[in-house]
Each structure stands twice: as C-alpha cells, then as structure tokens.
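Student: I would like to go through this model term by term. Please set each label against its cut-off.

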Amino acid sequence: TPLLLPPVLSKGPSLNIRSLLKPLMERAAATAHLQGRKWYGPSEWPAWTIKPRPSGDGVIAEIVANLLENAFRYSSSTTPIGLYINDTGLCVWDAGMQISADEREKIFQKGVRGENIDECSGSGLGLALGRQLSKQLGGDLKLIIPPLELDPSLPKEGNAFYLILPTKVLPGIET
C-alpha cells in the first residue's frame, strides 16, 4: 500500500528534517521486520537535520517516503535497506540487484519504469516527481551505484538514491 502523507502547507510552522523522517523510519523498520529483512537507520544525525527549515520543505518527507516505498517494492525481500545521512543530504539505499547502466537516467523521466519490475505496480512518476521537487528546493536527486561510492560504510552492491539538500535554515529561530 502507498505511504499516505498529509498535505504539505507552504505557510506554517517551521520544521526540521529529523522530525519529518522519524515516522518514516519507524514505518520502514516495521515493514522490514514484517518482511524479515534488515533495516539500517542513520547512525548519526548531522546538525543540519535538527535546525528549523521552512514549512514548504515538508516535501522532503514525500520524496523519502517514495524512495523507501520503491526500495521495499522493487528489491528482493531478503535485501537489506537503509537510510544514510551526511553533511549534504540523505540517501535511501538497498543492497540488491543494481539498476542497469542504460536505465540509470531514464528512470527519472515521467512514465519510465525499469525493465525488471514489470510484475510490480507503479506509474513511473515517483522518481521524476522526486527529482523535480528536490530541484525546486535547490537540491537534486541522484542515483549512485554502488552505494559505497557515497560512503565506504554503505554496501558494495545495490543502489543509493541520494537526495542532495541545501542547508538553508530559518534565521533567528533556535531549536
């Protein structure tokens, strides 16, 4: 079932990334447990994840929810999945079968789905929308293969969808 999130209001109280991601990580951990697979949450939370951000940045939760849903849907049920955070962004990774080289950019186009996922439902819009929203925030959404190219602590096999985020925060607000 799709992850349902409340609408993001562009005008509202400030938020922080950690509070946005906490319910998604709890759901991912529960889903992994039900599927009998390993889940790896962030080992560290950089300072930028707890600083106040504009309420419109709540779309980050939608992007991450889609990436998590894709990881659970399209990787083998024995494949570990995780969320990694560093100083410039975060990534949802899996240690499963790598996306083929000729599909790595195509899957970010509207309506395009990978060749090996025909038996799974989907519209081919999630990654295109995720990239579009990330660029509207001043960031980007990239595919990094293998995940250890992002950080040596990540798997040497699989896929990492890396959401690069600007480190903007709201001035004058202390957490």
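Tutor: Start with strand 5 (159-164). Five of its six residues are buried, so strand 5 is largely enclosed by the rest of the structure. Keep in mind that this is a predicted model: local features need pLDDT of at least 70, side-chain atom pairs count only at pLDDT 80 or more, and totals for chains, interfaces and linings use all residues. Residues are numbered from 1 along each chain as its sequence is written, and side-chain values use heavy atoms, with hydrogens and water left out.

Student: What makes a stretch a strand or a helix here?

Tutor: Both are DSSP runs, numbered from the N terminus: helices are H or I with at least four residues, strands are E with at least two. The protein chain has three helices and five strands. Their pattern along the sequence is α-β-α-β-β-α-β-β.

Student: Why is Gly 158 called buried?

Tutor: Buried means under 20% relative accessible area (exposed is over 50%, partly exposed in between; 1.4 Å probe, protein chains only). Gly 158 has 0%, so it is buried. Gly 158 sits in the loop between strand 4 (140-144) and strand 5. Across the protein chain, buried residues make up 47% of the 175 residues.

Student: What does Gly 158 touch, not counting residues up to four places away in sequence?

Tutor: A contact means heavy atoms within 4.5 Å. By that rule Gly 158 touches Asp 94, Ala 95, Gly 96, Gln 98, Ile 145, Pro 146 and Pro 147. Gln 98 is 60 residues away along the chain, yet the two C-alpha atoms are separated by 4.8 Å.

Student: How do you know that strand 3 and strand 5 pair?

Tutor: Two strands pair if DSSP finds at least two bridges between them. Strand 3 (residues 89-94) and strand 5 have six bridges and run antiparallel. Strand 4 and strand 5 have five, also in the antiparallel sense. Leu 163 shows both sides: it is the bridge partner of Leu 90 and of Leu 141.

Student: What is the strand order in the sheet?

Tutor: The order is 1-2-3-5-4, in an open sheet with mixed pairing. Strand 1 (39-40) and strand 4 are the edge strands, since each pairs on one side only. Strand 1 pairs with strand 2 (residues 81-85) in the parallel sense, over two bridges. Trp 39 stands opposite Ile 81 there.

Student: Which strands does helix 3 touch?

Tutor: Helix 3 (residues 126-136) packs on the sheet and touches strand 4 and strand 5. Its buried residues are Leu 127, Ala 128, Gly 130, Arg 131, Leu 133 and Ser 134. They pack against helix 2, strand 4 and strand 5. Just after helix 3, Gly 138 takes a positive phi of about 95°.

Student: Why are helix 1 and helix 2 called roughly parallel?

Tutor: Axes are lines fitted to C-alpha atoms, for helices over the stretch in contact, with angles from 0 to 180 degrees between N-to-C directions. Angles under 35 degrees count as roughly parallel, over 145 as roughly antiparallel, 65 to 115 as roughly perpendicular, and the rest as oblique. Helix 1 (residues 17-35) and helix 2 (residues 59-74) cross at roughly 15°, their axes coming within 10 Å. Helix 1 and helix 2 are therefore roughly parallel. Among the residues that meet are Leu 20, Leu 24 and Ala 28 of helix 1, and Val 64 and Leu 68 of helix 2.
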